[in-house]
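This report walks through one protein chain. Please look over the sequence and the fold before reading on.

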Amino acid sequence: MCEYHLYPGDMFRTKAGLGLIIKKSGGYFTYSNVGDDQKKTYPTIETKRFYGYCDDMSHGQILEVILLPNRKYRRKRK
């Protein structure tokens, strides 16, 4: 489902709503739930687990990934 690497600014859709990737560092994504009241602490998820949820549709966790349209030099995942 997600054939490119994700970067800050990319969005993903779940059953609960939209999420926005804020930061990528140390093998983790930090993200914000769009529509929630703005918190000062943001949840994190391991990148391998996130990509696993993207690739395995049986979980039903991540329904769609929306890439930032003006990002240059995106690499495909292997």
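This is a predicted model: local features need pLDDT of at least 70, side-chain atom pairs count only at pLDDT 80 or more; totals for chains, interfaces and linings use all residues.

## Residues and contacts

Lys23 is found in strand E2; strands (E, at least two residues) and helices (H or I, at least four) are DSSP runs, numbered from the N terminus. Lys23 is partly exposed, at a relative accessible area of 45%. Here buried means under 20% relative accessible area, exposed means over 50%, and partly exposed lies in between (1.4 Å probe, protein chains only).

Residues are numbered from 1 along each chain as its sequence is written, and side-chain values use heavy atoms, with hydrogens and water left out.

The protein has one helix and five strands. From the N terminus on, its elements run β-β-β-β-α-β. Of its 78 residues, 27% count as buried.

Two more C-alpha pairs link positions apart in sequence. Thr47 sits in helix H1. Thr47 is buried, because its relative accessible area is 14%. Thr47 and Lys24 are 23 residues apart in sequence, yet 8.6 Å apart in space, C-alpha to C-alpha. Tyr4 lies in the segment before E1. Tyr4 is partly exposed, at 25% relative accessible area. Tyr4 and Arg77 are 73 residues apart in sequence and 5.2 Å apart in space, C-alpha to C-alpha.

| Pair | Apart in sequence | C-alpha to C-alpha |
|---|---|---|
| Thr47 and Lys24 | 23 residues | 8.6 Å |
| Tyr4 and Arg77 | 73 residues | 5.2 Å |

## The salt bridge

Side chains of opposite charge can pair when their charged atoms come close. The structure holds one salt bridge, defined as a side-chain nitrogen of Lys or Arg within 4 Å of a carboxyl oxygen of Asp or Glu. The side chains of Arg13 and Glu64 meet in it, at 2.9 Å, N to O. The pair links distant parts of the chain, 51 residues apart: Arg13 is in strand E1, and Glu64 is in strand E5 (residues 62-66). Arg13 is partly exposed, at 34% relative accessible area. Glu64 is partly exposed too, at 34%.

## The surface patch

Leu20, Ile22, Val34 and Tyr42 form a nonpolar patch on the surface. Together they have about 300 Å² of accessible area, by the Shrake-Rupley method with a 1.4 Å probe. Patch residues have over 30% relative accessible area and no salt bridge; nonpolar side chains are joined within 5 Å, like charges within 9 Å. Leu20 is found in strand E2 (residues 18-25). Leu20 counts as partly exposed, because its relative accessibility is 31%.

## The largest pocket

The largest pocket has a volume of about 290 Å³. Of the 17 residues that line it, the closest to its centre are Phe12, Thr14, Ala16, Tyr31 and Asn33. A pocket is an open set of points on a 1 Å grid where a 1.4 Å probe fits, with protein on both sides within 12 Å along at least five of seven lines; lining residues have an atom within 4 Å of a point. The volume is the space filled by probe spheres set on the points. Strand E1 (11-14), E2, strand E3 (28-33) and helix H1 (47-55) each supply at least two lining residues. The lining divides into nine nonpolar, six polar and two charged residues.

Conventions:
Ala, Val, Leu, Ile, Met, Phe, Trp, Tyr, Cys and Pro count as nonpolar, Asp, Glu, Lys and Arg as charged, and the others, Gly among them, as polar.
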